[in-house]
Amino acid sequence: MFDRFLSECEGILEPILKGLGIEEPPSLEEPPGEFGDAAFPAFPLARVLKKAPQEIAREVAGKIAVPEDSLIEKVEAAGGYVNFHLDYGRMAPILLKEIVNKRDAFGSGGMEGSFTLEHTSANPDGPLHIGHGRNAIIGDSLARILRFAGCKVETQYYLNDMGKQLAVVVWLEHLELDREVKEDEAIGALYVEANRRMEESEEVRDEISQLMQAYEKGDEGVVERFKEAAEYCLRGQKETLERLGIRHDSITWESRFVRDGSVERTVERLKRTPCARTDDVLYLDLSEFGIEKELILQRSDGTYLYATRDIAHHIWRAKKGGIINVWGSDHKLLARQLSAVLRLLGEEVPEFVIYEFINLPEGSMSTRRGEFVSLDELVCETVERAYAEVDKRRPDEPEEFKREVAEKIGTAAVRYSIVRVSPDKAMTFRWEEALDFERQGSPFIQYAYARACRILEKEGAPGEFSVPELTREERELLKALSRFPVAVRDAARARKPAVVAHYCLELATAFHRFYMFQPVLKSREKDFRLNLVEATKLVLGTALGLLGVEALERM
RNA sequence: GGGCUCGUAGCCUAGCCAGGAUAAGGCGGCAGCCUCCUAAGCUGUAGAUCGGGGGUUCAAAUCCCCCCGGGCCCGCCA
């Protein structure tokens, strides 16, 4: 609805600007304070028209005749700007009816396309840590947003079963897994131990290297052992993700691209490109793509590398449409190399959502050294902290209620605190910050939803209404509601789930203010306000859903 | 050392890609608001040379260059 207002403003400006000899479409911006809801700056025109911006703004504003059925209330020139004011009274019934009719489809659609979206894709060598959590949460939220925007999305987990990590685990597996602990924890313990031994002994390194070669050749017994170990670890990892509401549509085993010959075929194609070089080994010179680092495709023993298999993987994926990868910043160089190679082959070039690392105060995390904060730990501690808060605020509620609410608040807090931060900011993890339920977080948003529910459960369905003289809080709330489709579109196009996170905050803030100042049930405008509350509940619920956060009827 | 990236009040973050009006929030500080739909809320207040310096522009947190500081990368690892 807000976008409709914006296009109306543009539609009105365009012919007027054309009349002044300006061909470029007008670009609007959001004015501060009480200057209205959209502003057109006249400064860029000053030079062309050789007039003061103030004068141009006055002139343009003077030529504007607002059509009868428009969402524009009035237009004013101020400073060098033409300011457009939204007609809230006119928008209110249209907007509220649209939301209540469309319900959870309000704001959806508008985009097309099919994507495979790869996220999480941790090695099967231990529990997911909070860095993998950042990947999974960004990826899952983005998938939800793209689907809501109208795209077809298949989320994939790329299982790196051909790496040294898994071989290391398999090598030590005969030592017996600890069946008492969670699967990924058990594998992680083996991995740490095996790495310790490997560092000490050349012999061990050789044995592991032989295992890898046997696996690449497809030795039946070895394949079985790798598969079992990987699946065992994955069971634990999946359980971690499941608790956060994250599920993958499919799992792609890296080894399949070796087994089905596609790596071989890809390498043959690459050999015929002008970038191919053979010195000691086969590699690609990608300097024409601005990458000075050569990309090695094949070891001197004839086996392939991770990157080589990933090229075949991407060619396979392109059959299903666009490719989006959520990768850590440590893979930035590979992302560039991979893109260059695929361009070289005339294949679909992938998109990357790159996120920076989460480090600990003492340094970076390491699965190999067992130095990390696991996602399980973070979720458990956060839920426990949430329980303490629920228990403090709702002491008389039954235990079952407290547990359920704490689970939903805790898991939401983990997701929200990660997704709200732009992926290109490196984070330092500190427990006291992670467990601090600061006001600008998910409980604040869930609370707004719960407040709306509590009002609505005291009344039946809201009746017909006429729009009264609107208060400031009502206008702000209407504006926030009308902006939801814009926020979804921006988030989907820019692949930025954080945009939805900030939108949720904006809407919740507007609702809390409205709630504080405008009584609903005891108001003369009860029916109108009930509609407003209902609409807020619907949009907030949908928006939270895009972040994988569950809304709460009571908390 | 080279490449990429981030640097916004004591702390955490939005705004930067597509430059425009008084730089927007939260935490923490201070002062207030529950006879009224759950105070996990609301209001007010103090707090910012937008890392530093140049440049482009009528206009720079935003674009360009240099410097400083943090992170990531620079394996026949994945």
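**Entry 1: E154**

I started at E154. It counts as partly exposed, because I find 16 C-beta neighbours inside 10 Å. That falls between the cut-offs of 12 or fewer for exposed and 20 or more for buried. I placed E154 in strand β5, residues 152-159. Next I looked up its contacts, leaving aside neighbours within four places in sequence. E154 is in contact with T116, D249, S250 and K320.

**Entry 2: confidence and overall layout**

I note here that this is a predicted model. I checked the confidence before going on. Chain A averages a pLDDT of 93, and 100% of the residues score at least 70. For the complex, the predictor gives an ipTM of 0.95 and a pTM of 0.95.

Then I took the outline of chain A. The C-alpha atoms fill a box of roughly 85 × 70 × 40 Å along the principal axes. I have 21 helices and 13 strands for the chain. Of its 555 residues, 42% are buried. I also looked at contacts between residues at least 6 apart in sequence. Among these, 76% join residues at least 24 apart.

**Entry 3: domains**

I went to the domain assignment of chain A. It gives domain 1 as 2-86, domain 2 as 119-359 and domain 3 as 375-546. Over C-alpha atoms, the centres of domain 2 and domain 3 are separated by 37 Å. Their contact takes 28 residues from domain 2 and 24 residues from domain 3.

Which elements each supply at least two residues of the side of domain 2 that touches domain 3? I listed α5 (130-148), α9 (220-243), β11 (351-355) and β12 (358-359). The largest share, 12 residues, comes from α5. By class, this side of domain 2 divides into 17 nonpolar, 6 polar and 5 charged residues.

**Entry 4: RNA strand B**

I turned to the residues around RNA strand B. There are 75 of them, and the closest are G33, F43, G163, S422 and R454.

**Entry 5: cores**

I looked for the largest nonpolar core. It has 111 residues, and V500, C504 and L540 have the most contacts inside it. I followed C504, leaving aside its neighbours within four places in sequence. C504 is in contact with I445, L540, A543 and L544. Another core lies apart from this one. It has 40 residues, among them A194, L270, L286 and L297.

**Entry 6: helix α18**

I checked which residues of helix α18 (residues 472-482) are buried. They are E474, L477, L478, K479, A480, L481 and S482. What covers these buried residues? The cover includes α1 (2-19), α4 (88-102), α19 (484-494), α20 and α21 (526-546).

**Entry 7: two positive phi values**

I searched for residues other than glycine with positive phi. R103 is one of them, with phi of about 50°. I found R103 in the loop between α4 and β4 (114-118). Its 13 C-beta neighbours inside 10 Å make R103 partly exposed.

T120 also has a positive phi, near 75°. T120 sits in the loop between β4 and α5. Is T120 buried or exposed? I have it as buried, because 25 C-beta neighbours lie inside 10 Å, and 20 or more is the cut-off.

**Entry 8: R299**

My last stop was R299. It lies in the loop between β9 (295-296) and α12 (306-317). I counted 13 C-beta neighbours inside 10 Å, so R299 is partly exposed. Not counting residues up to four places away in sequence, R299 touches V281 and L305. I also checked D280. R299 and D280 are 19 residues apart along the chain, and 8.9 Å separate their C-alpha atoms.

Definitions and conventions: Residues are numbered from 1 along each chain as its sequence is written. Chains are lettered from A and ligands numbered from 1 in the order in which they are written. This is a predicted model: local features need pLDDT of at least 70, side-chain atom pairs count only at pLDDT 80 or more; totals for chains, interfaces and linings use all residues. A residue is near a molecule or strand if its C-beta atom, placed from the backbone, lies within 6 Å of it. Domain bounds come from an automatic or database domain assignment. Two residues are in contact if their C-beta atoms, placed from the backbone, lie within 7 Å. Helices (H or I, at least four residues) and strands (E, at least two) are DSSP runs, numbered from the N terminus. Ala, Val, Leu, Ile, Met, Phe, Trp, Tyr, Cys and Pro count as nonpolar, Asp, Glu, Lys and Arg as charged, and the others, Gly among them, as polar. A nonpolar core is a set of buried Ala, Val, Leu, Ile, Met, Phe, Trp, Tyr and Cys residues joined through C-beta atoms within 7 Å. pLDDT is the predictor's confidence in each residue, from 0 to 100.
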